[in-house]
Amino acid sequence: MKERDQHNKNGLNRFRITPYLFIAPHVLIFIAFFLIPMIYGIYASFTKWDLFGSPNWVGASNYQTIFFNKESTFYRQFWNGLKNTVTFVLICVPFQISLPLIIAVLLDKRPKGRNIFQGIFYMPTLFSITSVTLTWLFVFNRTLGLFNHLFGTDINWYGEQPYAWMTIVIATVWWGIGGNLIIYVAALAGIDKTIIEAASLDGATGWKKFVNITLPQIQFPLTYTIVVSVIAQFNIYGQPLMITGGGPSESTHVLLMYIRNLAFGTGKSVAGMASAMSTVLGLIIGIVSVVQIMMIRKQEA
């Protein structure tokens, strides 16, 4: 009897530890590649550091510089980069949410070739950012580009505003439209069609059905895509770097480009200042995400 009880006890202990064994690799990877670098990055933001020597503690000096010292180059870079980043988020995210949702609603009507169209829209997400930007660089090339030849224009897409922002936004939306589209298609497929049919019998128009039935039914996937899209676009880097190089006149020079140049660019590294800018950017992303979630939950209540 004692042996059986001991055996059962051992089996119970093994059963309890099993879930932790499954999540252990993920937790270790999270700690090693996210948590520790994040903590060290925050520490580095309070130091003067060139990546090679030992960090020298300077307290809040880096933050005072980027927030209050208007004579400093770092102040100008931070605020110009932040302004350009926010501009990109405000322009790009509405398209990243609305266009996939419109396409998903159309695909939900089960047109012929639905799976083919869904695959076509999803395909760009499989490409690297380098492939995407090179493709659109060719399309919008002033001399050889498809767009100028097709419409008989002579627009300098990379060297003038607002065209520089337009090229970046178009490339970004085209690249990321498939991810949100798949989420919306799955969410729409889960809606009880009898509710929509009942609304149709009551005389509800298509717009009223969409606003009063469809949107509330997919509110969680919609919240998820909005938050994820905002976070992703605040981390914009590759598109403006490869398409416009930050121009014209640094009007598309986003914050991550300044951070990268300060930490790893030519000349002496200013990693402490770059870490301070990164920390502020991370706080902004976190605050914006929390505010979005709170506003959406308030609407649900």
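This is a predicted model: local features need pLDDT of at least 70, side-chain atom pairs count only at pLDDT 80 or more; totals for chains, interfaces and linings use all residues.

Visitor: Why is the pair of Phe 127 and Trp 174 called tilted?

Guide: The ring centres of Phe 127 and Trp 174 are 6.3 Å apart, and a pair requires centres within 6.5 Å. The planes of the two rings stand at 40°; stacked applies under 30 degrees and edge-to-face over 60, so the remaining term, tilted, applies.

Visitor: What does the pair of Phe 127 and Trp 174 tie together?

Guide: Phe 127 belongs to the loop between helix H4 and helix H5, and Trp 174 to helix H7, so the contact joins parts 47 residues apart in sequence.

Visitor: What makes the pair of Phe 147 and Trp 157 edge-to-face?

Guide: Their ring centres are 4.9 Å apart and their planes lie at 85°.

Visitor: How do you know whether Trp 157 is buried or exposed?

Guide: Trp 157 has 3% relative accessibility, and buried means under 20%, so Trp 157 counts as buried. Phe 147, at 28%, falls between the limits of 20% and 50% and is therefore partly exposed.

Visitor: How do you know that the length of helix H10 agrees with its number of residues?

Guide: At 1.5 Å a residue, the 16 residues of H10 should span 22 Å, and the end C-alpha atoms are 23 Å apart, which agrees.

Visitor: Which residues of H10 are buried?

Guide: Among them are Pro 221, Leu 222, Val 227 and Phe 234.

Notes
Residues are numbered from 1 along each chain as its sequence is written. Side-chain values use heavy atoms; hydrogens and water are left out. Helices (H or I, at least four residues) and strands (E, at least two) are DSSP runs, numbered from the N terminus. The expected span of a helix is 1.5 Å times one less than its number of residues. Buried means under 20% relative accessible area, exposed over 50%, partly exposed in between (1.4 Å probe, protein chains only). Rings of Phe, Tyr and Trp (its six-membered ring) pair if their centres lie within 6.5 Å; planes under 30 degrees apart count as stacked, over 60 as edge-to-face and the rest as tilted.
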